[in-house]
Structure formats: structure tokens, C-alpha cells
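Keep the structure in view as you read.

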Amino acid sequence: MEQKALILDEKAMGRAIARISFEIIERNKGVDNLCLIGILSRGGQLARRIADKIKSVEDREVPVGLLDITRFRDDRPDGGACPDQSELPFDINGKKVVLVDDVIYTGRTVRAAIDALMARGRPERIQLAVLVDRGHRELPIRADFIGKNLPTSREEQVKVLVKERDGEDKVIILG
């Protein structure tokens with residue numbers, strides 16, 4: 001597949017992450033009892049960036065974890081055989097958890113992430129932050145914080161690239 005369109009460049013991604021960060025602070029009336037959990041893999045990098053932005057605004061650290069949802073996916077029957085790569089160095093019981101992912105599409109990844117979270121405890125609240133919402137939901141799931149709404153066809157693929165993994169920041173459509 002070749003690049004069809006550039007949706008967000010590095011600066012636009014930075015602005016979207018800043019906007020999501022401010023909205024998280026505002027909706028939660030600060031950062032008390034808040035944690036961010038990135039869905040592996042690129043959700044992890046985005047969660048760390050949101051936490052860094054929140055720290056620069058609120059002057060407080062927000063715990064960040066990583067969530068491996070492989071065992072909870074409904075499209076991978078062999079997921080239970082995979083080692084869990086989650087990194088949750090804090091208790092989620094009673095916390096306001098913001099799940100972070102790069103793209104929301106059908107909603108199945110988020111459903112698996114909620115199942116994976118609930119297997120680890122009982123948060124006070126779960127919210128969802130995504131960099132890109134491309135539509136085409138199969139489940140009644142919506143994001144609370146969205147960097148960019150992007151109507152797409154089912155044939156197109158949205159790819160988020162992050163410096164930490166890919167050497168550059170951008171969101172593109174492949175087709």
C-alpha cells in the first residue's frame with residue numbers, strides 16, 4: 001500500500017496531543033487520582049506524551065502504564081498463549097483511568113482493553129483518548145478525547161507513526 005494522504009504532520013500531532021491533555025485535565029477537574037494507560041504499542045508512546053504535557057501544565061506526575069490486550073482480543077484465539085507484556089506498576093482500583101490508543105476503528109480493541117483492565121481491578125472510571133477516530137464502529141464504543149476525526153472508507157488504512165518506534169511523527173492514509 002502506498003501513502004494516499006498526509007493527515008497530521010509532526011506539529012499537528014503535537015497540537016492534538018496538547019488539546020487532548022488539556023481536555024483530560026478539564027474533564028477530570030485536575031489530575032487527582034488519575035492515571036494513563038496506553039494500549040500497546042503506539043498508545044504507550046502517546047500516553048507518555050500526554051503525561052509529559054499534563055506535567056508541564058499541572059506540575060504533577062501522572063502515572064503511566066502499558067496494557068497488552070492480546071489475550072483479550074476476540075479475533076486471536078491463540079492469544080492466551082502469548083506472554084503478557086503489560087506494565088502496570090500501580091494499582092488501578094478506585095482510579096480514574098484514561099485508556100490511550102492511536103486509532104479507534106471498530107471498537108474491538110477498546111473492548112479488549114476494558115476486559116484486560118477489569119481483570120486487574122475495578123477503576124472508579126474509564127475514559128478513552130485516541131489520536132484518530134476513523135469511524136466504522138462495530139460496537140457501541142466512543143472516545144471521550146479525540147485528536148482528529150477522520151472519515152475513511154473501509155478499504156483505507158490509517159497509520160500513526162511515532163518517533164520512538166518509527167523515527168518520525170505523522171498520521172497518514174494508505175490506500
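**Cavities, cores and salt bridges**

By class, three nonpolar, one polar and three charged residues make up the lining of the second largest cavity. You can find this spot in the predicted model by looking for Asp68, Thr70, Arg71, Phe72, Cys82, Pro83 and Asp84, which line the cavity. The space inside is about 30 Å³.

How many cavities of 30 Å³ or more are there by this rule? The count comes to two. Rolling a probe the size of a water molecule over the atoms is what shows where such empty space is left. The largest cavity has a volume of about 40 Å³, and its lining consists of Ile17, Ile20, Leu46, Ile50, Val100, Asp101, Ala129, Val130 and Leu131. Helix 1 (10-27), helix 2 (42-58), strand 4 (96-104) and strand 5 (125-133) are the elements that each give two or more residues to that lining. Strand 5 gives the most, with three residues. Sorted by class, the lining of the largest cavity has eight nonpolar residues, no polar ones and one charged residue.

In soluble globular proteins, nonpolar side chains tend to be buried together. Here the largest nonpolar core holds 30 residues, and Ile24, Leu36 and Leu131 are the ones that touch the most other members. At least two residues of this core come from each of helix 1, strand 2 (34-39), helix 2, strand 4, strand 5, strand 7 (157-161) and strand 8 (170-174). Helix 1 supplies the largest share, seven residues.

Now for the charged pairs. Side chains of opposite charge can pair when their charged atoms come close. By this rule, the structure has 16 salt bridges. In one of them, the side chains of arginine 42 and aspartate 166 meet, at 2.8 Å from N to O. Arginine 42 belongs to helix 2 and aspartate 166 to helix 4 (residues 163-166), so this pair ties together parts that lie 124 residues apart in sequence. Arginine 42 is buried, with a relative accessible area of 16%, whereas aspartate 166 is partly exposed at 28%.

Helix 2 takes part in another such link. Aspartate 169 and arginine 49 form a salt bridge, also given as 2.8 Å from N to O. Because aspartate 169 lies in the loop between helix 4 and strand 8 while arginine 49 lies in helix 2, the pair ties together parts 120 residues apart in sequence. Both aspartate 169 and arginine 49 are buried.

Aspartate 115 is partly exposed, with a relative accessible area of 33%, and arginine 111 counts as partly exposed at 23%. Finally, look for Arg27, Arg142 and Asp144, which salt bridges with shared partners join into one network.

Methods. Residues numbered from 1 in each chain as written. Predicted model: local features only at pLDDT ≥ 70, side-chain atom pairs only at ≥ 80, totals over all residues. Heavy atoms only, no water. 1 Å grid on protein atoms, 1.4 Å probe; cavity = no way out; pocket = protein on both sides within 12 Å on 5 of 7 lines; lining within 4 Å. Points joined across faces, edges and corners; volume = space filled by probe spheres on them. Helix = DSSP H or I, 4+ residues; strand = E, 2+ residues; numbered from the N terminus. Nonpolar A, V, L, I, M, F, W, Y, C, P; charged D, E, K, R; others polar. Core = buried A, V, L, I, M, F, W, Y, C linked by side-chain atoms within 4.5 Å. Buried < 20%, exposed > 50% of the residue type's maximum accessible area, 1.4 Å probe, protein only. Salt bridge = Lys/Arg side-chain N within 4 Å of Asp/Glu carboxyl O.
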